[in-house]
Amino acid sequence: MKAWEEIEQLHGRFICETLKSRFFIDGGLRIERMNDGTFILKNIMTNHDHYEDASPEVWIACECEGWYQGMYLNQLSVHNKRLEKANYLVDLASRNEDNMDRLQILLERKNMLLEKIQEIYQLYSNLPYVCNP
């Protein structure tokens, strides 16, 4: 997996080891290489006490494009889901005039998410594209 190779080259001293595996966490993504050579890729940008499996798109990006491509793609996916929720909440709040204070807070949160998505997309789009799907 290209992502693991990059991590070993760039961040080797930061790889954590257990009896069964070696793993690395950065930018909301955890990659773990088991002793048998298999990989586990988890999205840790959750609102839960557990990690979620990374999406197939993130797997493909990590496998043939590299660590940063997969990490930024994961971040974009998570923030876009949060933006969808923010849009829904803005829509609900805008239907009731009593919620104007709440609406202002939600609009600020939405704008913050839009800025974050733009920032991540800028980083992601400047990375080289290697893989042919």
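Predicted model: local features only at pLDDT ≥ 70, side-chain atom pairs only at ≥ 80, totals over all residues.

Reader: What makes up the secondary structure of the protein chain?

Author: The protein chain has four helices and five strands. Along the sequence they come in the pattern α-β-β-β-β-β-α-α-α.

Reader: What makes the protein chain more spread out than a compact globule?

Author: Here we set one value against another. The globule rule gives 14 Å for 133 residues, whereas the radius of gyration of the protein chain is 18 Å, well over that value, so the chain is more spread out than a compact globule. The box that its C-alpha atoms fill, along the principal axes, is roughly 60 × 30 × 25 Å.

Reader: How do you know that β3 and β4 pair?

Author: We count bridges. Pairing takes at least two bridges between the strands, and β3 (residues 29-34) and β4 (residues 39-43) have five, in the antiparallel sense.

Reader: Why are β1 and β5 said to stand at the edges?

Author: Start with the order of the open sheet, which is β1-β2-β3-β4-β5 with antiparallel pairing. Both β1 (16-17) and β5 (52-53) have a single partner strand, so one side of each is left without a neighbour in the sheet. Helix α1 (residues 2-11) touches β2 (21-26), β3 and β4, and its direction makes about 80° with that of β2. Helix α3 (residues 67-94) touches β2, β3 and β4 too, with its direction at about 135° to that of β3.

Reader: Why is the contact between glutamate 17 and arginine 22 called a salt bridge?

Author: The cut-off is a side-chain nitrogen of Lys or Arg within 4 Å of a carboxyl oxygen of Asp or Glu. For glutamate 17 and arginine 22 the closest N and O atoms are 3.8 Å apart, so the pair meets the limit. In general, side chains of opposite charge can pair when their charged atoms come close. Glu17 and Arg22 also belong to a network of salt bridges with Glu8. The structure holds six salt bridges.

Reader: Is glutamate 17 buried or exposed?

Author: Exposed means over 50% relative accessible area, and glutamate 17 is at 61%, so it counts as exposed.

Reader: Which other salt bridges can I look at?

Author: One of them joins arginine 95 and aspartate 91, at 2.6 Å from N to O. Arginine 95 is exposed, because its relative accessible area is 62%, while aspartate 91, at 36%, counts as partly exposed. Another joins glutamate 32 and arginine 30, with the closest N and O atoms 3.3 Å apart. Both glutamate 32 and arginine 30 are buried.

Reader: What makes up the largest nonpolar core?

Author: It has 22 residues, and those with the most contacts inside it are Leu29, Ile31, Leu41, Cys62 and Trp67. The elements giving two or more residues to this core are α1, β3, β4, α2 (56-65), α3 and α4. Helix α3 supplies the largest share, six residues. Beyond its neighbours within four places in sequence, tryptophan 67 touches several residues, including Ala3, Ile7, Phe24, Leu29, Ile31 and Leu41.

Reader: How do you know that isoleucine 105 is partly exposed?

Author: Its relative accessible area is 45%. Partly exposed is the range between under 20% for buried and over 50% for exposed, so 45% falls in the middle class. You can find isoleucine 105 in helix α4 (residues 100-125). Over the whole protein chain, 35% of the 133 residues count as buried.

Terms used: Residues numbered from 1 in each chain as written. Heavy atoms only, no water. Buried < 20%, exposed > 50% of the residue type's maximum accessible area, 1.4 Å probe, protein only. Contact = heavy atoms within 4.5 Å. Axes fitted to C-alpha atoms, helices over the stretch in contact; angles between N-to-C directions. Core = buried A, V, L, I, M, F, W, Y, C linked by side-chain atoms within 4.5 Å. Rg over C-alpha atoms; globule rule 2.2 N^0.38 Å.
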